[in-house]
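I opened the notebook to look up pockets in this structure. The plan is to take them one at a time and note what lines each.

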Amino acid sequence: MKNVPFLDLKRQYQSIKVEIDSAISKCIENQHFIGGNEVQTFEENFRKTYNSKYCLSVANGTDAIYLALKALDLPEGSEVITVGNSWISSSETITQSGNRVVFCDINSEDLSINVDHLSQVISSKTKAIILVHLLGYPANMEKIMKIVRKNNLFLIEDCAQAHLSYFDGKLAGTFGDIATFSFYPGKNLGAYGDAGAVITNNQNLWKKMRLMARHGAINKGTHLMEGLNSRMDTIQAAVLNVKLKYLSKWTEERIAAAKYYDARLKGIKGVEVLNFDSKRRHSYHLYIVKVENRDDLIEYLESNGVETGLHYQTPLILQQAYDYLNIETSEFPKIMEVKDKILSLPIFPGIQKAEIDHVCNSIKCFYEG
Ligand SMILES: *Cc1c(COP(=O)(O)O)cnc(C)c1O
């Protein structure tokens, strides 16, 4: 066994090359690059996948969150809560949309949002939550929905890592007012460049987001307001139309790989496998373990040809970008507890058992010699 990449997209491409090449060359032959059938078809297919009333394709997952927040049109000075250990899109969009970021802690056993802490950080100014289904593991929606209703909050689900994740038989992304998706190439459903989408059952919110994402124009030449240019390219939609058909199968492959990892890693001294509730279908965008002596392990794995990742190297609460919030790290005990232990191992559809064996054997060798 030589190298185990963190993510191998070439393998996926080889398995669908004929379809992808044909879909892309069709766009080029027709010189269709903006809008068109492919985009409409994607919106329709994605909407149906989620049994949702409306879908709007946009340029990327960050724009999706920004547009969702803008559409809520929150009063000045509103606070929006998100987790303190996510990708910065989940929080920077809160500020960009004119609101105030409030961070919330996670659980140490599953890295999901800590609902007790969530309740504690809600104030009279809190108007919305950007709920990140981190790693692909759905948050505890039973408890979250109680909190949302009790406090009369808007709920935006950031599903950038959670395509086809379920909480108790219901798709993550169908609980809140709006769900946002990223199709960044490395995501579970990845385009061949940047792309994103929002889904909602609320026609009014969908109309507002569409207007804003299309320069505030109701038709060519008539602008009701200033907006932005956030479109999904035709070629990206064509790629996603091919890949969407395989998403379910690829998710099953991720789950099988994760189960295999769990079985191989349990019992290794120095490694703690995360603990997930079986009522939730985790789509394993990331496979994370908590480990002792992480930096040495990363180096050892690298020398054994195993690529790993950190999600995230520095949590948002410790980023310089949030110095202005004067965050007390003692209010985030779980993020602080896990931040130097979490390690993301290679996972992707098509990863071979022999590759996982090599990763696990190398980890075992590191700790047990
Ligand atoms: C990837 C990601 C985004 C942003 O997606 P882009 O398409 O890269 O803009 C937002 N939130 C989370 C949790 C992500 O992982």
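**Entry 1: the largest pocket**

I looked up the volume first, and the largest pocket comes out at about 540 Å³. I keep in mind that this is a predicted model.

Next I asked which residues of the lining are closest to the centre of the largest pocket. They are W87, Q161, Y184, K187 and H285, out of 26 residues that line the pocket.

Helix 3 has the largest share, with three residues.

I also sorted the lining of the largest pocket by class. It divides into eleven nonpolar, eleven polar and four charged residues.

**Entry 2: the second largest pocket**

I moved on to the second largest pocket, with a volume of about 320 Å³.

I wrote down its lining in order.

Which elements give two or more residues here? I noted helix 7 (203-213) and strand 10 (217-219). Helix 7 gives the most to the lining of the second largest pocket, namely four residues.

The class count came last. I have five charged, four nonpolar and three polar residues in the lining of the second largest pocket.

**Entry 3: recap**

For the largest pocket, I keep helix 3 as the element with the largest share of the lining. For the second largest pocket, I keep helix 7 as the element that gives the most.

Key
Residues numbered from 1 in each chain as written. Predicted model: local features only at pLDDT ≥ 70, side-chain atom pairs only at ≥ 80, totals over all residues. Heavy atoms only, no water. 1 Å grid on protein atoms, 1.4 Å probe; cavity = no way out; pocket = protein on both sides within 12 Å on 5 of 7 lines; lining within 4 Å. Points joined across faces, edges and corners; volume = space filled by probe spheres on them. Nonpolar A, V, L, I, M, F, W, Y, C, P; charged D, E, K, R; others polar.
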